[in-house]
Amino acid sequence: MSPGAVDPLTGLMNWRALVFVTRGDPLSVNHLVADGAAGLMLVGGAIAAGLMTVKGWWRPLWRDWLTSLDHKRIGVMYVALALVMMARAIAEAVVMRTQQAAAVGSPGFLDAHHFGELFSTHGTIMIFFVAMPFLTGLMNFVMPLQIGARDVSFPLLNAISLALTAAGAALVMVSLVYGGFSTGGWTGYPPFTGIRYSPGTGVDTWIWSVSLSSIGSTLTGLNFAVTLYKNRAPGMTFFRMPLFSWVTLCVSILMIFAMAPLTVATVMLALDRYAGFHFFTADAGGNMMNYANLFWLFGHPEVYILILPAFGVWSEVISTFSAKQLYGYHSLVAATMVISVLSFTVWLHHFFTMGQSANVNAIFGIATMLIGIPTGVKIYDWLLTMVRGRIRLTVPMLFAIVFMITFLIGGLTGVILANPTIDFVFHNSLFLVAHFHNMLIPGFLFAMIAAVQFWFPKVFGFRLDERLGRISFWLWAVGFYLAFMPLYVLGLMGAMRRTMEWQRPEYLPWLAIALVGALCLLAAFMTFVAQIAVSVRRRDALAVPGGDPWDGLSLEWSLPAPVPEYNFAVLPRVGARDPFMAMKREGRAHLRPEAYEDIRLPKNSPAAPIILAATFLTGFALTWHIWWLAIAGLVACWIPITLRSFREDHERVIPASEVRRQHEAWLDRVAALPAIRREDETGPRNRGRASSQFAGGQP
Amino acid sequence: MSDHASAMADREHRHPGLNLDHTDPEGHASAEPVIFGFWIFLMSDLIVFALLFATYAAMSTQGTGDGPAPAQLFDLRIPLLETLVLLTSSFTLGFVSLANKYEGHPRQAIGWLVVTLVLGAGFLALEYHDFSTLIHEKHAGPQVSGFLSSYFLLTGTHFVHVAAGIAWGMVLIVQQAVLGPTLPVKLRVMRLALFWHMLDIVWIGIFTFVYLSGVLA
């Protein structure tokens, strides 16, 4: 088939798009890296499939996970997806750092196309397929438990959101083996990503994977917002919600408003590429600046979608491990809301150099600096929460402390970049790369890892190994400073981002340090995975059936670990902020409820996995111009939903007697557990029942 | 205490949609999250339209390239007819809502729903004719200029929405006939109505900012 011709059955598909079919020298390092990555993925997938078959896990996977509408299981699947994708994106970062360190005065070992794909997939994956699923999974698990709900408002929609995100991730993964990826960076700016300069299918893969994930996130935002507005337990007023639930509300609102501009931008780019439209072309009245405008109208609120969950995590971690209620709760809520609103007023600072007037730049520069104020309020509130608290330096708390210091540095460099005159100099330099990694690694990644340490016992019923957690923490912290502080220096020396070859020998020492840092971060990730694996092995010794290993404050700690599918045997009545702390203080924790009721839960549904397959095929078909398949996939998405709407039995009932049996067995078990003091909480005696010791009175 | 509790319950059960409270109190609580969630979806969808309008506003003045300007292409006759057809369909959909609210004869709801969808299809036919005239007779397809790209995307997105509404409505006609006016079906009709009315509002925006301003410019 000649290139460019569209076969009606297979579209543009051809054997040469397979990564193993190489052109040029097949033994070059460049090809070995590409083939190795693709091979690793295939072998990894085959090993996983083999293991599933040997262990007979396919049926449980379908029955207990893929078709489940339980918000807790959906949350876990989101996080699992995020971790798989993170492994790839970190590996890519190491390859890029190695290339840059090897390419001072020499071409290095990667070709330009491959290098471009690497920074594009690294950014795309980290934002859309690591950060978004990680925080969505965490909010999915924690938020309904914190507000005393049985599930989110729309459990099926929740599963569909996950399916859309997973379909997008699958498109990116397939491009590792077949077809390749965009070289236009995670922002995909035209005209470079237009059909004229990027004629392959890489940009199309980027477009459809990102579009699927952004629709999934919009639906997640909708679902969480309705849950928070309509599904709180009796007495759980807004100002009694834990801060993590507050940030979930803010993030949901941001998702509802901010994902739409991304969808609009990618659809316009797709129309330019597929149908010869002129939104962003250089001719016929097209205007590529509108792309930057639309993209960052999404992109800047997105930054706060990523950062705000971390602020929620730190609020929970710091108050729990200081044994105090949060200092300045209302100011923290207000600061979160102010940040959410301001996040929509600063998008132009991503393109100060585009040529608008100095006054416009000044206004957006000032708006950007203003965000420093509510963020500062938060830092002070956390510090004052620690004052006179009974602080324990557990792994999440260590992350919190390193976060506060590191995030402050990143924030200061952000205020520097917010000044348009300075931005003109640093624009697109490694200084910028250092800045946003300095915000997102402590302000997102550290928070997620801390959150895993903190809530893991609640999810699976056993704690994570403390020693490996500490090793992993030190590798993350040291690795971050080694990897990114040199980039500030390089930026000041004039090094530009996304450069694959250098001519200035004085860059070498800094690039070498950054490479060591990247390897450190890779080791940190591997230690983190090892920590989980070791803990799974030692799960009996680390079990915390009591469900309250850290002497928690909010409602989720009042539940068994792991949490039963119906969450609360009897829905709680909330009378105060930090209700579980109040219950423990007043001796009302773990009381036998007077009466139980039947609990109605959503039945499993195969709709989400069907939609996953259908949207993946649609995305793949659109990428490769296989029109019949695209239409078939689009129709197939709606079939399970339409059929389901004709049936009325979507719920199953757990009888009150069964709830009573389970709950009272657990209460008896808790009563028999030793109540442990805080100093023993990382030791083997901790079985999840805390001898409550909160510092101070009411704040 | 019980007074207070019932006052609380009243407040908590008020929902932003067609009020079911008097006719269908048991359906009220379950309607609340669904209708509220749908309002949020509409809000997000309106952001899409807002951005398409904004893009159109910029491109219709600065993005005509070598192609025609709005004043050379548009006249108001067909768009006015389209407006009347679409607004009438919103009116007839109101009768579906009323029939469901006051538990009228099931055939009443189905009949008005059919009328609504036929009017919707008439609107699509008119708009298709409009598109086809632009592309084939006036040689002003979306590939001609940025202005025409943004025109076709704005009106085309609205077109696709109306088409989706018709497909959805056809499923609901079957459901009204097979399942009868059960609570889930009534709530679905209510959401279709919200969706349909929103599309009307968007169309009024299109008529005003695209056709009327285009002709006046």
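A residue counts as buried under 20% relative accessible area, as exposed over 50%, and as partly exposed in between. Asp64(A), with a relative accessible area of 27%, is therefore partly exposed. Keep these classes in mind as we walk through the structure, which is a predicted model.

**Salt bridges**

Asp64(A) has a charged partner: it forms a salt bridge with Arg63(A), and the closest N and O atoms are 3.2 Å apart. Arg63(A) is partly exposed as well, at 46% relative accessibility. Side chains of opposite charge can pair when their charged atoms come close. Over all chains, the count comes to 24 salt bridges. Four of them, including the one just described, are set out here.

| Salt bridge | N to O distance |
|---|---|
| Asp64(A) and Arg63(A) | 3.2 Å |
| Glu92(A) and Arg88(A) | 2.9 Å |
| Asp75(B) and Arg77(B) | 3.7 Å |
| Lys230(A) and Glu32(B) | 3.6 Å |

Are Glu92(A) and Arg88(A) buried or exposed? Glu92(A) is buried, and Arg88(A) is buried too. Both sit in helix 3 (residues 71-102) of chain A, and because they are four residues apart there, about one helical turn separates them.

In chain B, the bridge between Asp75(B) and Arg77(B) brings together two accessibility classes. Asp75(B) is partly exposed at 30% relative accessibility, while Arg77(B), at 65%, counts as exposed. Elsewhere, Asp548(A), Asp551(A), Lys584(A) and Arg678(A) are joined into one network by salt bridges that share partners.

**Where the chains meet**

How many residues does each chain bring to the contact? Chain A contributes 32 residues, and chain B contributes 32 residues. Together the two chains bury about 2,600 Å², and carbon and sulfur atoms account for 75% of that area.

One salt bridge is counted between chain B and chain A; in it, the side chains of Lys230(A) and Glu32(B) meet, at 3.6 Å from N to O. The two chains also have eight residue pairs in polar contact, with both residues at pLDDT 80 or more.

Which elements give two or more residues to the side of chain B that touches chain A? They are helix 2 (25-62) and helix 6 (146-178) of chain B. Helix 2 of chain B supplies the largest share, 15 residues. By residue type, this side of chain B divides into 17 nonpolar, 12 polar and three charged residues.

**Aromatic pairs**

Over all chains, the structure holds 64 aromatic pairs. One of them brings together Trp186(A) and Trp296(A): the ring centres are 5.9 Å apart and the planes stand at 90°, so the pair is edge-to-face. This pair links distant parts of the chain, 110 residues apart. Trp186(A) lies in the loop between helix 5 (155-177) and helix 6 (202-230) of chain A, whereas Trp296(A) belongs to helix 8 (residues 289-322) of chain A. Both tryptophans, Trp186(A) and Trp296(A), are buried.

The two tryptophans also belong to a cluster linked by ring pairs. Its members are Phe128(A), Phe129(A), Trp186(A), Tyr189(A), Phe277(A), Phe279(A), Phe280(A), Tyr291(A), Phe295(A), Trp296(A) and Phe298(A).

**A buried threonine**

One last stop is Thr368(A), in helix 10 (residues 358-370) of chain A. Why does Thr368(A) count as buried? Its relative accessible area is 15%, and buried means under 20%. Leaving aside residues up to four places away in sequence, Thr368(A) touches Val346(A), His349(A) and Ala418(A).

How values were computed:
Residues numbered from 1 in each chain as written. Chains lettered and ligands numbered in written order. Predicted model: local features only at pLDDT ≥ 70, side-chain atom pairs only at ≥ 80, totals over all residues. Heavy atoms only, no water. Contact = heavy atoms within 4.5 Å. Buried area = accessible area lost by both parts, 1.4 Å probe. Salt bridge = Lys/Arg side-chain N within 4 Å of Asp/Glu carboxyl O. Polar contact = N/O pair within 3.5 Å; in protein donor to acceptor, adjacent residues only side chain to side chain. Nonpolar A, V, L, I, M, F, W, Y, C, P; charged D, E, K, R; others polar. Buried < 20%, exposed > 50% of the residue type's maximum accessible area, 1.4 Å probe, protein only. Phe/Tyr/Trp six-rings, centres within 6.5 Å; stacked < 30°, edge-to-face > 60°.
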